Amino acid sequence: MKRQIGRITPTRNGASIMTTVGIVYSTKRKKATVQVVEWLKAAFESNGLEVEVGKPEEINTQDCDLFVLGTSVYAGAVQEPILAFIDQNQDLLREKPVATFIVCKEVETPECHMNLVIEKLPKEPMTWINFEGYLLRKGDFEKQQSKANTWVKDIISRLS
Ligand SMILES: Cc1cc2nc3c(=O)[nH]c(=O)nc-3n(C[C@H](O)[C@H](O)[C@H](O)COP(=O)(O)O)c2cc1C
């Protein structure tokens, strides 16, 4: 039984009504960002929400009731495909709730990278967060999972 969130319009799927979260992400490697996406997906699902995950070209946007947009950071830049996705879906992203995240090494002033995404959005995201990625060795990276779980709870509480 999927969960219906108060303020947003859930999609009808067969006989049941459910909320579908679209996690749209872009990165170059199958490392930290992909892992964060998997944690977020699992956390939404364990809270009873349906999740569609994909790179910008893979997502069926019409299925999604809210969007979680994520990108890794390389050399001071976020991923171009996520910016293109935002450009191409301005009306949808104005209408639906949006949360955004970045995965990078910068922990003191992550907004310097996050703003590259936020300034493209047609409205302020309801919440944004940074996850500390890694270069080669994972180090303490697994600690980011609890941050992902807490963030998902925060997103859901903002929707209720
Ligand atoms: C070539 C390269 C450039 C990077 N440049 C930055 C940067 O400018 N700012 C930053 O905060 N992190 C930077 N990082 C750290 C990455 O954001 C971090 O490794 C992150 O985990 C990358 O996402 P991924 O694991 O999904 O590839 C860089 C990493 C690499 C490999």
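## A first look at this predicted chain

From the N terminus on, the elements of the chain follow the order β-β-β-α-β-β-β-α-α-β-α-β-α. That makes 5 helices and 8 strands, where helices (H or I, at least four residues) and strands (E, at least two) are DSSP runs, numbered from the N terminus. This is a predicted model, in which local features need pLDDT of at least 70, side-chain atom pairs count only at pLDDT 80 or more, and totals for chains, interfaces and linings use all residues. Residues are numbered from 1 along each chain as its sequence is written.

**Overall shape**

- A compact globule of 160 residues would have a radius of gyration near 15 Å, and the chain agrees because its own value is 15 Å. The radius of gyration is taken over C-alpha atoms, and the globule rule is 2.2 Å times the number of residues to the power 0.38.
- The C-alpha trace spans about 45 × 30 × 25 Å along the principal axes of the chain.
- Of the 160 residues, 38% count as buried. A residue is buried if 20 or more other C-beta atoms lie within 10 Å of its own, exposed if 12 or fewer, and partly exposed in between, with C-beta atoms placed from the backbone.
- Looking at contacts with a separation of 6 or more, 74% join residues 24 or more positions apart. Two residues are in contact if their C-beta atoms, placed from the backbone, lie within 7 Å.

**The nonpolar core**

- The largest nonpolar core has 37 residues, and Leu-40 and Phe-67 have the most contacts inside it. Such a core is a set of buried Ala, Val, Leu, Ile, Met, Phe, Trp, Tyr and Cys residues joined through C-beta atoms within 7 Å.
- Strand 3, helix 1, strand 5, helix 2, strand 7, helix 4, strand 8 (127-132) and helix 5 (144-159) each supply at least two residues of this core.
- Leaving out residues up to four places away in sequence, Phe-67 touches Gly-22, Val-24, Leu-93, Lys-96 and Val-98.

- Ile-82, Phe-85 and Ile-86 are buried in helix 2, which covers residues 80-88.
- Viewed down the axis of helix 2, the buried residues fall within an arc of 100 degrees, so they line one face of the helix. The arc is that of the directions from the helix axis to the C-beta atoms.
- Here is a handy rule: an α-helix has 3.6 residues a turn, so residues three or four places apart point the same way.
- Glu-80, Asp-87 and Gln-88 are exposed on the other side of helix 2.
- The cover over the buried residues of helix 2 includes strand 3 (20-26), strand 5 (66-74), strand 6 (77-78), helix 3 (90-95) and helix 4 (111-118).
- Ile-82 counts as buried because 24 other C-beta atoms lie within 10 Å.
- Not counting residues up to four places away in sequence, Ile-82 touches Ser-26, Pro-56, Leu-69, Thr-71 and Val-117.

**Around the ligand**

- The ligand is surrounded by 18 residues, and the closest are Ala-32, Thr-33, Ser-72, Cys-104 and Gly-133. A residue is near a molecule or strand if its C-beta atom, placed from the backbone, lies within 6 Å of it.
- Helix 1 (32-46), strand 5 and strand 7 (98-104) are the elements that give two or more residues to this shell. Strand 5 gives the most, with 3 residues.
- The shell divides into 8 nonpolar, 5 polar and 5 charged residues. Ala, Val, Leu, Ile, Met, Phe, Trp, Tyr, Cys and Pro count as nonpolar, Asp, Glu, Lys and Arg as charged, and the others, Gly among them, as polar.
- Ala-32 lies in helix 1 and is buried, because 21 C-beta neighbours sit inside 10 Å.
- Ala-32 touches Ser-72, Val-103, Gly-133, Tyr-134 and Phe-141, not counting residues up to four places away in sequence.

- Ala-75 lies in the loop between strand 5 and strand 6, and is exposed because it has 4 other C-beta atoms within 10 Å.
- Ala-75 has a positive phi of about 50 degrees although it is not a glycine. Most residues other than glycine have a negative phi.
- Thr-127 is found in strand 8 and is partly exposed, with 16 other C-beta atoms within 10 Å.
- Apart from neighbours within four places in sequence, Thr-127 is in contact with Ala-99, Asp-154, Ile-155 and Arg-158.
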